[in-house]
Amino acid sequence: MSGAAPGLDWIAAPGGPLLGRVRVPGDKSVSHRAVMLGAIAEGRTRITGFLEGEDTRATAAILQRLGVRIEAPAGGERLVHGVGLRGLRPAGSPLDCGNAGTGMRLLAGLLAGQGFESVLVGDASLSKRPMRRVIEPLSRMGAVIDSAEGGLPPLRIHAKNVLQGIDYECPVASAQVKSALLLAGLYAEGPTSVREPHPTRDYTERMLAAFGADIDFAPGRATLRPGRPLLAGEVEVPADFSSAAFFLVAASLVPGSQLVLERVGVNPRRTGLLDALRLMGADIRVRPAGEQGGEPVADLEVRHAPLRGARIPEALVPDMIDEFPVLFAAAALAEGETVVSGAAELRVKESDRIAVMAEGLRVLGADIEERPDGALIRGGRLHGGRADSRGDHRIAMALAVAAQCASGEVRIGDVANVATSFPGFDGLARGVGFGLRIA
Ligand code: S3P
């Protein structure tokens, strides 16, 4: 993030109406996958729109340590010189995934079937996140993975040349688990099938198909048959819907606002927030703008509209799983009650997002009842105060959005982690009228 450093705080307060056009950085999920598949493909993959965030850079750095040459000729561009499915080499010391759950879980799948040992480590937040959800099915495929007590990182992935394909019914709706198994499936004998309780983002499936893998998939299920090499190509990463989400909510909330979010990835498995905000009365128009890297993209036009509370349908939860911090901010400022349920997964994200958002918004005067799998939020007014992001990037940005409608200044603690997913958020936000500065 521009100017951000560990221990950094923001001061956020109402600015003016939010006006203009914004292009947010590249999609985090797509960037992780592009550099991973590029690494094990044959030939050179050119990635444009690569997210220059700490999470995705950590993944690229790990692949370099595994012997892959990756050039960065310009910001957002990567040339990945693929080494083929069997070309990765042992790094010899632990591989640091930083804050990235996606990095660690997908790499666990990718490394489970290699003929060498790898150790995956992460920062304090990642070191508390559950890994059993990948260890268990990968072990069924024949992988040997040790973890710390309770299935937590670090992960020691033992050398194993060949895995066995499985037919796995995933107990949680998790694109990371599904993707880990499909990547491991490239190194298995026989097909690997994954079924999900609710369909999740299908970037791994789409990208594997684009790289020539033998895969078929439909919402909620995927089957990969190993044996074909992956072939390098071009990946144009669309703008990240989850980053656009902060602007969509802020412009909905701040009177007089009118913003256009340009060329945002609108894969339907990511855009649940649009449905939720519309239920709350938001005025957002989606203007399709073709495809980018095989993904639908659109300009999103948002105008201020008074928001009212809503019961968020549980079926929307997987399609907006990363957007709850900012949805909580919208709900705290809407008229009436918002109920979120079926979202217990929020408790095992970069922070316990139910507890941390409830804590942060309460400090600003919000009325929130925490529930094991969600919250009841009674909308009202917010005042200034000192709220903490607990080192969670999306909480920091969601609090900055809430502060645009507070009656006083909000000091948001511990915002350096915004750089994991949205470097430059503060500058971009200020540019369209946010009241936001580094403390
Ligand atoms: C992601 C999947 C989701 C999401 C995360 C990115 C991915 O996690 O929350 O930010 O890129 O596959 P889960 O698979 O844990 O739901």
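Buried, in this tour, means under 20% relative accessible area, exposed means over 50%, and partly exposed lies in between, with a 1.4 Å probe and protein chains only. The structure is a predicted model, in which local features need pLDDT of at least 70 and side-chain atom pairs count only at pLDDT 80 or more, while totals for chains, interfaces and linings use all residues. Residues are numbered from 1 along each chain as its sequence is written, and side-chain values use heavy atoms, with hydrogens and water left out.

**The whole chain**

Begin with the entire chain in cartoon view. Its secondary structure comes to 12 helices and 25 strands; helices (H or I, at least four residues) and strands (E, at least two) are DSSP runs, numbered from the N terminus. The radius of gyration is 21 Å, close to the 22 Å that the globule rule gives for 439 residues, so the chain is as compact as a globular protein of that length. That radius is taken over C-alpha atoms, and the rule is 2.2 Å times the number of residues to the power 0.38. Along its principal axes, the C-alpha trace spans about 60 × 40 × 40 Å.

Of the 439 residues, 58% are buried. Among contacts (heavy atoms within 4.5 Å) with a separation of 6 or more, 75% are between residues 24 or more positions apart.

Select Met320, in the loop between β19 and α9. At 0% relative accessibility, Met320 counts as buried. Leaving aside neighbours within four places in sequence, Met320 is in contact with Gly272, Leu273, Ala276, Ile312 and Leu327.

Now extend the selection to helix α8, residues 272–279, where Gly272, Leu273, Leu274, Ala276 and Leu277 are buried. The cover over these buried residues includes α7 (241–253), β18 (283–292) and α9 (324–333). Just after α8, Gly281 takes a positive phi of about 100 degrees.

Move to helix α5, residues 175–185. Here 11 of the 11 residues are buried, so the helix is largely enclosed by the rest of the structure. Lys178 and Gln176 are among the buried residues, as are Leu181, Leu182 and Leu183. At the N-terminal end, Ser174 caps α5, with a side-chain oxygen 3.2 Å from the backbone nitrogen of Gln176.

Helix α6, residues 203–210, comes next; its buried residues are Tyr203, Thr204, Glu205, Met207 and Leu208. They pack against α1 (28–40), α5, β14 (214–218), β15 (221–225), β16 (234–236) and β19 (295–303). Gly212 follows α6 and has a positive phi, near 95 degrees.

Thr59 lies in helix α2, residues 54–65, and is buried at a relative accessible area of 2%. Display side chains here: that of Thr59 makes a polar contact with the side chain of His32 at 2.9 Å. A polar contact is a pair of N or O atoms within 3.5 Å; within protein, one must be able to donate a hydrogen and the other to accept it, and residues adjacent in sequence count only if both atoms are side-chain atoms. Beyond neighbours within four places in sequence, Thr59 is in contact with His32, Val35, Met36 and Gly103.

Ser125 sits in the loop between β7 (118–121) and α4 (132–140) and is buried, with a relative accessible area of 17%. Not counting residues up to four places away in sequence, Ser125 touches Asn99 and Glu350.

Ser421 belongs to the loop between β24 (410–413) and α12 (425–431), and at 1% relative accessibility counts as buried. Select Lys28 as well: the C-alpha atoms of Ser421 and Lys28 are separated by 6.6 Å, although the residues are 393 apart along the chain. Other contacts of Ser421, apart from neighbours within four places in sequence, include Leu51, Ser243 and His393.

**Backbone geometry**

Asp414 is found in that loop between β24 and α12. Asp414 has a positive phi of about 65 degrees although it is not a glycine, and is partly exposed at 30% relative accessibility. Arg263, in strand β17 (residues 258–265), likewise is not a glycine and has a positive phi of about 50 degrees; its relative accessible area of 25% makes it partly exposed.

Finish at strand β9, residues 152–157, which holds Pro154. The peptide bond from Pro153 to Pro154 is cis, with omega near 0 degrees.
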